[in-house]
Amino acid sequence: MKLVDLEKEVTMKFLELNKKRHATKHFNDKPVDPRDVRTAIEIATLAPSAHNSQPWKFVVVRERNQALAETAFGGNVDQIKEAPVTIALFTDTDLTKRARKIARVAGVRNFSDEQLQFYMQNLPAEFARYNDQQKSDYLALNAGLVAMNLVLALTDQGIGSNIILGFDKSKVNEVLEIDERFRPELLITVGYTDDKLEPSYRLPVDEIIEKR
């Protein structure tokens with residue numbers, strides 16, 4: 001197969017994957033294999049992150065799903081109760097500890113001295129200059145990147161999902177017993193559905209492109 005043909009095939013597969021991804025808001029009783037969830041999270045973490053800081057934490061919720069649902073707003077309550085799994089996505093507000101954790105886990109076998117210095121010294125110095133708004137924007141950006149990777153990875157395994165923003169973030173850490181250092185960003189309901197999902201309307205691409 002020629003390189004150009006291979007590139008077209010990869011593009012088509014990615015296009016088809018995106019076309020298959022729809023917001024799944026009603027779930028059937030089919031259980032979700034924990035191994036499939038782990039695989040999806042592992043794929044998700046291949047997402048890019050600013051400075052390669054990877055400031056995310058995933059909490060896979062099954063036993064506490066009903067309690068977690070009570071933190072949600074409106075129709076999100078029933079959706080979470082119905083989902084066999086909800087993944088709570090958190091970000092690490094202590095970016096210095098996150099950077100140094102990467103250096104510690106990677107160690108000298110995976111990192112050069114220059115890379116270790118970057119995570120142990122350079123990045124912490126950079127993060128120390130962030131004000132609250134800059135840090136919040138930084139965390140939200142990275143959460144969005146990894147969340148999109150996660151739902152696509154689930155879709156690729158034939159598993160439905162939906163990203164939920166409507167919930168009380170002030171209560172989630174207590175419900176799930178997660179250190180306050182970690183900031184809840186999104187809830188992602190996960191499962192299978194019997195619904196026939198239809199694509200949402202998208203603006204024509206020429207409506208959102210400008211040239212200068």
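1. Before the helix pairs, a convention: axes are lines fitted to C-alpha atoms, for helices over the stretch in contact, and angles run from 0 to 180 degrees between N-to-C directions. Two packed helices are described by the angle between their axes and the distance between the axes.

2. This is a predicted model, in which local features need pLDDT of at least 70 and side-chain atom pairs count only at pLDDT 80 or more, while totals for chains, interfaces and linings use all residues. Residues are numbered from 1 along each chain as its sequence is written, and side-chain values use heavy atoms, with hydrogens and water left out.

3. Overall layout. The chain has 8 helices and 4 strands. These are DSSP runs numbered from the N terminus: helices are H or I with at least four residues, strands are E with at least two. From the N terminus on, the order is α-α-β-α-α-β-α-α-α-β-α-β. Along the principal axes, the C-alpha atoms fill a box of roughly 55 × 55 × 40 Å.

4. The chain has 212 residues, and 39% of them count as buried. Buried means under 20% relative accessible area, exposed means over 50%, and partly exposed lies in between (1.4 Å probe, protein chains only). A contact means heavy atoms within 4.5 Å. Of the contacts in the chain with a separation of 6 or more, 80% join residues 24 or more positions apart.

5. Helices H5 and H6. H5 covers residues 95-110 and H6 covers residues 113-128. Their axes come within 8 Å and cross at roughly 175 degrees. H5 and H6 are therefore roughly antiparallel to each other. The cut-offs are as follows: under 35 degrees is roughly parallel, over 145 roughly antiparallel, 65 to 115 roughly perpendicular, and the rest oblique. On the H5 side the contact includes Leu95, Ala99, Ile102 and Ala103. On the H6 side it includes Leu116, Tyr119, Met120 and Phe127. By class, the contact of H5 with H6 has 11 nonpolar, 4 polar and 1 charged residues. Here Ala, Val, Leu, Ile, Met, Phe, Trp, Tyr, Cys and Pro count as nonpolar, Asp, Glu, Lys and Arg as charged, and the others, Gly among them, as polar.

6. Helices H2 and H7. H2 (residues 34-44) packs on H7 (residues 132-156) at an angle of about 140 degrees, with the axes 8 Å apart. H2 and H7 are therefore oblique to each other. Ala40, Ile41, Ile43 and Ala44 of H2 meet Val146, Asn149, Leu150, Ala153 and Leu154 of H7. This contact has 8 nonpolar, 1 polar and no charged residues.

7. The cores. A nonpolar core is a set of buried Ala, Val, Leu, Ile, Met, Phe, Trp, Tyr and Cys residues joined through side-chain atoms within 4.5 Å. The largest one has 23 residues, and those with the most contacts inside it are Phe58, Ile87, Leu89, Leu150 and Val190. Two or more residues each come from H2, strand E1 (56-61), strand E2 (85-92), H7 and strand E4 (182-191). H7 gives the largest share, 7 residues. A second, separate core of 16 residues includes Ala69, Ile80, Phe167 and Leu176.

8. Phe58. Leaving aside neighbours within four places in sequence, Phe58 is in contact with Ile41, Thr45, Ile87, Ala88, Leu89, Val146 and Leu150.

9. Val61. This residue is found in strand E1. Val61 is buried, with a relative accessible area of 2%. Not counting residues up to four places away in sequence, Val61 touches Leu68, Pro84, Val85, Thr86 and Leu176.

10. Gln79. Look for this residue in helix H4 (residues 76-82). Gln79 is buried, at 5% relative accessible area. Beyond residues up to four places away in sequence, Gln79 touches Thr24, Lys25, Phe27, Asn162, Ile164 and Thr189.

11. Two backbone points to check. Gln54 has a phi near 45 degrees, a positive value in a residue other than glycine. Gln54 sits in the loop between H2 and E1 and is partly exposed, at 26% relative accessible area. Glu177 has a phi near 55 degrees, again positive in a residue other than glycine. Glu177 lies in the loop between helix H8 (169-176) and E4 and is exposed, at 62%.

12. The segment after E4. Glu210 is placed there. Glu210 counts as exposed, at 62% relative accessibility. Glu210 and Gly191 are 19 residues apart in sequence and 39 Å apart in space, C-alpha to C-alpha.
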